[in-house]
Amino acid sequence: MLDEISFRNHVDRALESLKQSLITAEEDGGFEVEEQNGVLNTVFDSPPGKFVFTPNAPVRQLWISALSTSFKLDWSEEQSVFVLPKTGEDLTTLTQRLLRQHLGDDSIMLN
């Protein structure tokens, strides 16, 4: 298991990178990105909704609350990214899929 300092470094970099990708996509995506106290929120007007990206230091996971579901991502040393164990999707790939599902728009791309 990662020590807390390493976890914080990895999660801060991952969320900052995701935030920049979301900000780029939000112009055409119909959503708004907000960051507050280390938590990243993506707020949708139509259809209404909200995705919440939260670091959970005690268990060294990055949690996503989206589409009435909780997704718990673990750090992968091999891939150097946070990964959803159930599907193998990394943070960006999972977020892109969730955005597409929520908005019904397969053209949404995160880089």
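Me: Is Lys 19 buried or exposed?
Reply: This is a predicted model, in which local features need pLDDT of at least 70 and side-chain atom pairs count only at pLDDT 80 or more, while totals for chains, interfaces and linings use all residues. Residues are numbered from 1 along each chain as its sequence is written, and side-chain values use heavy atoms, with hydrogens and water left out. Buried means under 20% relative accessible area, exposed over 50%, and partly exposed in between (1.4 Å probe, protein chains only). Lys 19 has a relative accessible area of 16%, so this residue is buried.

Me: Which residue forms a salt bridge with Lys 19 whose closest N and O atoms are 2.7 Å apart?
Reply: A salt bridge here is a side-chain nitrogen of Lys or Arg within 4 Å of a carboxyl oxygen of Asp or Glu. Glu 16 forms one with Lys 19, with closest N and O atoms 3.4 Å apart. For the pair at 2.7 Å, the partner of Lys 19 is Glu 35.

Me: How many residues apart are Glu 35 and Lys 19?
Reply: Helices (H or I, at least four residues) and strands (E, at least two) are DSSP runs, numbered from the N terminus. The salt bridge of Glu 35 with Lys 19 has its closest N and O atoms 2.7 Å apart. It links distant parts of the chain, Glu 35 in strand 1 and Lys 19 in helix 1, and their separation in residues is 16.

Me: What span should the 13 residues of helix 2 have?
Reply: The expected span of a helix is 1.5 Å times one less than its number of residues. Helix 2 covers residues 91–103, and its end C-alpha atoms are 18 Å apart. That agrees with the expectation, because at 1.5 Å a residue its 13 residues should span 18 Å.

Me: Which residue caps the N-terminal end of helix 2?
Reply: Helix 2 has buried residues, among them Leu 91, Leu 94 and Leu 98, and is followed by Gly 104, whose phi is positive, near 65°. A polar contact is a pair of N or O atoms within 3.5 Å; within protein, one must be able to donate a hydrogen and the other to accept it, and residues adjacent in sequence count only if both atoms are side-chain atoms. At the N-terminal end, a side-chain oxygen lies 3.0 Å from the backbone nitrogen of Thr 92, and the residue that brings it is Asp 90.

Me: What angle does the direction of helix 1 make with that of strand 1?
Reply: The open sheet has 6 strands in the order 1-2-3-4-5-6, with antiparallel pairing, where two strands pair if DSSP finds at least two bridges between them. Neighbouring strands are turned by 20° against each other on average, direction ignored. Axes are lines fitted to C-alpha atoms, for helices over the stretch in contact (heavy atoms within 4.5 Å), and angles run from 0 to 180 degrees between N-to-C directions. Helix 1 (residues 4–29) packs on the sheet, and its angle with strand 1 is about 155°.

Me: Which residue in the turn between strand 3 and strand 4 has a positive phi?
Reply: Strand 3 (residues 49–56) runs antiparallel to strand 4 (residues 61–66), and 5 bridges join them. Phe 53 stands opposite Ile 64 there. The hairpin leaves 4 residues between the strands, and the one with a positive phi of about 55° is Arg 60.

Me: How many bridges join strand 5 to strand 6?
Reply: Strand 5 (residues 69–76) also pairs with strand 4 over 6 bridges, with Gln 61 opposite Asp 74. On the strand 6 side, Asp 74 has Val 83 as its bridge partner. Strand 5 and strand 6 run antiparallel, and the number of bridges joining them is 3.
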